[in-house]
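I began with the charged side chains and then turned to the helices.

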Amino acid sequence: MLTNDQLLHFYGRMVTIRAFEEKLSELFTTGLLGGTSHFCIGQEASAVGVVGASRATDWLVSNHRGHGHLLARGLDVSRVMAELLGRLTGYCGGRGGSQHLCSYSEHFLGTNGIVGGGLPIATGAAFALKYQKSSDIAIVFFGDGASNQGTFHESLNLAQLWQLPVLFVCENNFYGMSTPISKTIARADGASFEVPSGTSGVTGWVTPRAAAYGIRGTTADGRDVEAVYAAAEAAIGRIRAGGGPELLELMTYRLCGHSKSEPRVYRTREEEETMREHDGLAMLPARLAERGVPGETIEATAAAARAAVEEATQRALAAPYGGRADALGGVFEEMRQ
Amino acid sequence: MPEIYYSKAVNEALDEELSRDHNVVLIGEDIGKYGGAFGVTKGLWDKYGAERLWETPISENTITGIGVGAAMLGMRPVVEIMFMDFIALALDQLLNSASKLHYMYHGQVKVPMVLRTPGGAKGGYGPSHSQMLSSLLVGIPGLKVVAPSSAYQVKGMLKTAIRDDNPVVFIENKRLYPQKGFVPENDYTLPIDKAIVTSPGTDISVFCYSSMTPVCQAVKLALKPLGIDLEIVDLVSLQPLDRETIFASVRKTGKAIIVEEACLTGGVGAEVSALIAEHCLDSLEAPVMRVGAADTPIPSSLELEKFVLPQAEDIIQAVKRIRDYC
Ligand SMILES: Cc1ncc(C[n+]2csc(CCOP(=O)(O)OP(=O)(O)O)c2C)c(N)n1
Ligand SMILES: [Mg+2]
């Protein structure tokens, strides 16, 4: 059970993530951002709940939709923004961008542009942690779509065989790009896909796959940060105690397009509106108030988070780009002889 | 100096690095008691056991990714891919993770892993177990690609590769495994970024690597009585190429042939040839020649295989074509 302070802190983090991405969409319209970017608007709770239940030395491996994960870990907002803007002061000097952003010192082992690409890396990190007899664990985020990659099955199988300390976190938002899970995930129990009307009490789609590998799987409401935290905390505790890998499937929903400003032809506006009624972020002020947190405190927390994003963005926008040498150097690690 | 098999030289390098550095682990299919498909890891299981040799399910992409993840956290994994053709299954982690992470994360991480794999045809293994896919790898920035040709080279270079802080694809060769060579008794290492003039000569530079080096050496001996003196240069490192050694040899002889077991089209030979054209045109006295495999998959039949793979006779034809060119 979270204390009021913890819940308020989580709320602040979730506002930061939302404000950060809203700022990003604004920047996209100005042409200052190149390429594309995947927003997690509506999915903030799964990132904040899981990362909140981890400790700072646990290793996080993220995917293409990673802003929530890295901001939940507490990475510097301005350096993240600078990275997305391609500036030298960004975490990776502008080389990585949104989908390839790493902060090794903060044990954030990178977002990943290859769907399913992070699972083996996290499994390998967990292998090293076990080999080094560390009490840290590895945590990897991936989507429902990624659970159809071979790497998902190979990694679960191997992690269970080798009893590795890794938590597989599937953020199931019902779609992989435009394709609903009913078209991508075969089920043994014949449960049918219904147009999602909520994320609470929903049957997991990826959880049954864990059972095939003898891995404990838990399904939780991914938009309820308290539910996420409780499920993650329990799983992480068991893994840290040497219980082997686990899978956590968090039912969630992105309230935005798959990337940038995509027209979402594959779902109805009605579906989106229904889902918006239980936005994991919007529900929090009421819950905090119910628990006796004063309204001014809640508002001040949100306002501070938004102001910090704004300020961080301005600093990032003022940062310099790298030059030719920054683009061409550093392909190989120089050997210290 | 003891004379040992190429495969044994690999084994000794692994053995010595396992005992030298606790962060070194071997990861691969059937590498334990069985000793690997070609017996390369024989005996290491009894000596080091399950704590250092990690036998895996048949999951090439994931075991490569495990190597990457473990390497980023300070280990030195040596991943074995049983046949080079199977790197197709590991290519995502090799191409999108191992090779890019150091650069794209701006030097925050390093990936000191070695991916060992035997390439090349040994006679009868057929289309999915015989290719030399070196040229597939040299176009991937961030990978070091090394292809040693003798017991001496393979032992000294594998040790260097394991100690290197970058991902190294270490191409062994099935045809070389049963060939013997002398290796020093002492603990030695060899650079993995330098070509080696294995046999100096004056008339034509012959650049080769892996299984083709012994073949070129034999051709050199065969042509000696005809008054043709070949300079055999083993490229060793395919990425990066040792340009200085290549250029120095061409400037001396004025003629060049590149010989490889990979397909001719888009091969390492094409790259070396282009470099020579760009940098040594003034020294060239004849067209640069390439000898490589035909652009076909490798057939299983022993009789058919030899039509596809480069033969000593093909090298001799190339030599004759440019010897008297003017
Ligand atoms: C190997 C690979 N295939 C396809 C893509 C293109 N792509 C990017 S995200 C995505 C959908 C992923 O769906 P899911 O795993 O459910 O994650 P979500 O986007 O829903 O968070 C696709 C197809 C990719 N980046 N990598
Ligand atoms: Mg999805």
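**Entry 1: a salt bridge in chain A**

I looked up A:Arg18 and found its side chain joined to that of A:Asp279 in a salt bridge, 2.9 Å from N to O. I used the term for a side-chain nitrogen of Lys or Arg within 4 Å of a carboxyl oxygen of Asp or Glu. The pair links distant parts of the chain, 261 residues apart: A:Arg18 is in helix H1 of chain A, and A:Asp279 is in the loop between helix H9 (269-276) and helix H10 (284-290) of chain A. Helices (H or I, at least four residues) are DSSP runs, numbered from the N terminus. I then checked accessibility, where buried means under 20% relative accessible area, exposed over 50% and partly exposed in between (1.4 Å probe, protein chains only). A:Arg18 is buried at 12%, and A:Asp279 is buried at 6%.

I record here that the model is predicted: local features need pLDDT of at least 70, side-chain atom pairs count only at pLDDT 80 or more, and totals for chains, interfaces and linings use all residues. Residues are numbered from 1 along each chain as its sequence is written, chains are lettered from A and ligands numbered from 1 in the order in which they are written, and side-chain values use heavy atoms, with hydrogens and water left out.

**Entry 2: salt bridges in chain B**

I noted the total first: 37 salt bridges over all chains. In chain B, the side chains of B:Asp15 and B:Lys47 form a salt bridge of 2.9 Å, N to O. This pair links distant parts of the chain, 32 residues apart, with B:Asp15 in helix H1 (residues 6-20) of chain B and B:Lys47 in helix H2 (residues 44-48) of chain B. B:Asp15 is buried at 17% relative accessibility, whereas B:Lys47 is exposed at 54%.

I also looked up B:Arg323 and B:Asp324, whose side chains meet in a salt bridge of 3.4 Å, N to O. B:Arg323 is partly exposed at 33% relative accessibility, and B:Asp324 is exposed at 54%.

Which residues are linked with B:Glu12 in a network of salt bridges? I listed B:Glu16, B:Glu17, B:Arg20, B:Lys155, B:Lys159, B:Arg163 and B:Asp187.

Two packed helices are described by the angle between their axes and the distance between the axes. Axes are lines fitted to C-alpha atoms, for helices over the stretch in contact, and angles run from 0 to 180 degrees between N-to-C directions.

I looked up helix H1 (residues 4-30) of chain A against helix H11 (residues 295-317) of chain A: the angle is about 40 degrees and the axes are 8 Å apart. H1(A) and H11(A) are therefore oblique to each other; angles under 35 degrees count as roughly parallel, over 145 as roughly antiparallel, 65 to 115 as roughly perpendicular and the rest as oblique. The residues of this contact divide into 11 nonpolar, five polar and three charged.

H1(A) also packs against helix H2 (residues 44-53) of chain A, at about 135 degrees with the axes 10 Å apart. That makes H1(A) oblique to H2(A) as well. On the H1(A) side I found A:Phe10, A:Arg13, A:Met14, A:Ile17 and A:Arg18, which meet A:Glu44, A:Ala45, A:Val48 and A:Gly52 in H2(A). Contact means heavy atoms within 4.5 Å. By class, this contact has five nonpolar, one polar and three charged residues. Ala, Val, Leu, Ile, Met, Phe, Trp, Tyr, Cys and Pro count as nonpolar, Asp, Glu, Lys and Arg as charged, and the others, Gly among them, as polar.

**Entry 3: a helix pair in chain B**

The axes of helix H3 (residues 60-72) and helix H4 (residues 87-98) of chain B come within 6 Å and cross at roughly 30 degrees. H3(B) and H4(B) are therefore roughly parallel to each other. Their contact residues divide into six nonpolar, five polar and two charged.

**Entry 4: two loop residues in chain A**

I looked up A:His107, in the loop between helix H4 (77-84) and helix H5 (118-131) of chain A. A:His107 is buried at 16% relative accessibility. Leaving aside its neighbours within four places in sequence, A:His107 is in contact with A:Ala56, A:Thr57, A:Asp58, A:Trp59, A:Leu60 and A:Arg73.

A:Glu277 lies in the loop between H9 and H10 of chain A and is exposed at 62%.
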